Amino acid sequence: MTEDEAVDDELLTIGAFAARARLSAKALRLYDRLGLLAPAQVDEASGYRYYRAEQVERARLVALLRRLDMPLARIAEVVEAPDGAAAADRLAAYWADVEARTAGQRTLAEYLRGRLSGRSSEMYGKFVVETVDVPEQVVISEARHVLAGELPAWIGASLGRLEAAARECGGVTAPPFVVYHSEVSMESDGPAESCVPVADEAAARAWAERHDRTWETKVSVRPAQRLAYTRITKAQVAHPQILAAFEAVEEWIEGEGLEQAGPCREVYFADWDAAGAQDPVCDVAFPVK
């Protein structure tokens, strides 16, 4: 008897099962090797694989999920879900991630087309650039080497810690901001520095001494300075829209005959969680002289 011949009323050979599942025997062997669909029984002497008819649905599901380019670990999460509703939720979460990534890539492609076709000035013209004078500030800050993919989560967490700490330092006196001391991208990790202006320098220094080793925190007095900035919405904070905003400010600075006087920054003046996609939340800025 060969591996493709029927065995009994309950078990199916790999050939018979493959026909029912509309898959190849090669695919079924791969799913077994990947731990996604194990045979119901393997003959110890011959090594032949046998399946049960109720495994057909799982086999077809695995094949369809692989057509979505779903990673093997995520496929396992879906097929091992306790019920259909949980499986559907896990698929929905994966697909939301795919759509978000695709939307970002689509926007990046449009941004790059604009640059390559010489339409950069057209893109920059969408941003209104102004200047503002910022007084001397006492700042508590937290620095971190971080890649672009990790940046949003770190900004939210670090500013949350610093704003909570500000209650011990006389309170927050101005919008928090993030300074980029070097490029942050998929390959370059900055560092970036989250900053919160506070009222009480002595209390801030006492707080920093208690937390420096944990969060790489410090207290500094930032001198008064002038910022050239453009205001952007919550949707524009995402890459690559924010890159166009930074470049628009840089172009404006050059056009005005000014010089950059320090690293670029993002100033977050609105409630991020409460803001809608089109609500202004952030100033992209450069110190100038």
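D69 sits in the loop that runs between helix 3 (56-67) and helix 4 (72-79), where helices (H or I, at least four residues) and strands (E, at least two) are DSSP runs numbered from the N terminus. The phi angle of D69 is near 60°, a positive value in a residue other than glycine. With 65% relative accessibility, D69 counts as exposed; here buried means under 20% relative accessible area, exposed over 50%, and partly exposed in between, using a 1.4 Å probe and protein chains only. As you look around, keep in mind that this is a predicted model, in which local features need pLDDT of at least 70, side-chain atom pairs count only at pLDDT 80 or more, and totals for chains, interfaces and linings use all residues. Residues are numbered from 1 along each chain as its sequence is written, and side-chain values use heavy atoms, with hydrogens and water left out.

R22 also has a phi near 60°, positive in a residue other than glycine. You will find R22 in the loop between helix 1 and helix 2 (25-33), and its relative accessible area of 63% makes it exposed. Another backbone feature to look for is the cis peptide bond that joins G190 and P191, with omega about 20°. P191 has its place in the loop between strand 6 and strand 7.

The largest nonpolar core has 43 residues, of which I140, L151, I155, Y180, V198 and I232 touch the most other members. Such a core is a set of buried Ala, Val, Leu, Ile, Met, Phe, Trp, Tyr and Cys residues joined through side-chain atoms within 4.5 Å. Among the elements that give two or more residues to this core are strand 5 (137-144), helix 8 (201-215) and strand 9 (225-233), while helix 9 gives the most, with 7 residues. A second, separate core of 26 residues includes I14, L36, L65 and Y94.

Next come the aromatic rings. The structure holds 4 aromatic pairs; rings of Phe, Tyr and Trp (its six-membered ring) pair if their centres lie within 6.5 Å, and planes under 30 degrees apart count as stacked, over 60 as edge-to-face and the rest as tilted. F17 and Y51 form a stacked pair because their ring centres are 4.4 Å apart and their planes are at 10°. Since F17 lies in helix 1 (residues 14-21) and Y51 in strand 3 (residues 49-52), this pair ties together parts that are 34 residues apart in sequence. F17 is buried at 0% relative accessibility, and Y51 is buried at 0% too.

The rings of F246 and F286 have centres 5.9 Å apart and planes at 85°, so this pair is edge-to-face. F246 lies in helix 9 and F286 in strand 11, so the pair ties together parts 40 residues apart in sequence. F246 counts as buried at 11% relative accessibility, and F286 is buried at 4%.

Finally, look for open space. The largest pocket has a volume of about 1600 Å³. Of the 45 residues that line this pocket, L151, P152, V237, H239 and I242 are the closest to its centre. On a 1 Å grid over the protein atoms alone, a pocket is an open set of points where a 1.4 Å probe fits, with protein on both sides within 12 Å along at least five of seven lines; lining residues have an atom within 4 Å of a point. Grid points are joined across faces, edges and corners, and the volume is the space filled by probe spheres set on the points. Helix 5 (84-116), helix 7 (151-165), helix 9 (241-255) and strand 10 (265-268) are the elements that give two or more residues to the lining.
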